[in-house]
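Subject: Structure handover

Hi,

Here is the structure you were waiting for. Please have a look before reading my notes.

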Amino acid sequence: MLAMTAYSPVPVAALGPAGFPNCPGCAYFRAGPPSVCASCAGPELVRPGPDQCTVCAQRLRPDCSCPNELCRAADRRISRIHAIAYQTGALRRAINSYKYRDARGFAAVFARILLVWLDERTAAAPPGLIVANPSWVGPGGQQFAHTEAVLVAAAEADADGRWPFDPGAIIKTQPTLKSADGQAWSKRVSGSELRDALRVADPSRTAGRFVLVYDDVCTTGSQLNAVAGCLLDQGNAARVEGVVLARALWRS
């Protein structure tokens, strides 16, 4: 008879990350520490450099001007849009899988990347509240609340409760025009329509605060500007900035 030996599972740490964006097959996918996921994804992310616009994070023209008219608009409501990375390569594929191919587990990965960015970029002047560009789920809308899901996952991964996530602070009350991959003019129209569909759930949660709005992708910033306007007007926020996982690059 063969001798039986005890089964010794391989420690998760010994397996190593699978490599972004192969996250669904990774040992850290369900409950990885933020530092591991951010370090794994880091080499695949194209970060904005010194040639980015300090208002909207778009890449500047050769003459150092920004092609995005939002930055020069007299009625701009959002103070600044930060970008964790540009919408290229692996990050684009991961976001598309998350939003359109039911790979909803990516919410946890994006949340960990966001947490590390918050630690690195906002620790000295932290936001008073972190909200989502809200989703409309149902006919004419998203398949699921994709932006809110990332903030829920971030709150769960924020073991020390350092960051004030509030996914439901601002809500969308009806479907609006699709803005993904639209032209600049359609982005402006959808941003205006979005403003009419937004409501602040409880102004006491936003009043007097520096509010940071999370979104997955920014092309023109029109939607984030509409959200900022609602937070300032209805929610009496003191200042509103945005942070996006991916900044769409415009052709020069």
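My notes on cysteines and backbone geometry follow.

This is a predicted model: local features need pLDDT of at least 70, side-chain atom pairs count only at pLDDT 80 or more, and totals for chains, interfaces and linings use all residues. Residues are numbered from 1 along each chain as its sequence is written, and side-chain values use heavy atoms, without hydrogens and water.

Cysteines. A disulfide is called when two cysteine sulfur atoms lie within 2.5 Å. That rule gives zero disulfides. Cys66 is in none, with the nearest cysteine sulfur, in Cys56, 3.6 Å away. Cys66 is buried, at 9% relative accessible area (buried is under 20%, exposed over 50%, partly exposed in between, with a 1.4 Å probe and protein chains only). For Cys40, the closest cysteine sulfur belongs to Cys26 at 6.3 Å, so the pair is too far apart for a bond. Cys40 is partly exposed, at 22% relative accessibility.

Backbone. Most residues other than glycine have a negative phi, and most peptide bonds are trans. Here are the exceptions I noted.

- The peptide bond joining Phe20 and Pro21 is cis, with omega about 10°. Pro21 sits in the loop between helix H1 (12-15) and helix H2 (34-41). Helices (H or I, at least four residues) and strands (E, at least two) are DSSP runs, numbered from the N terminus.
- Ala57 has a positive phi, near 70°. Its place is the loop between H2 and strand S1 (80-86). Ala57 is buried, at 0%.
- Asn236 also has a positive phi, about 55°. Asn236 lies between helix H7 (222-233) and strand S6 (239-247), in the loop. Asn236 is partly exposed, at 47%.

Best wishes
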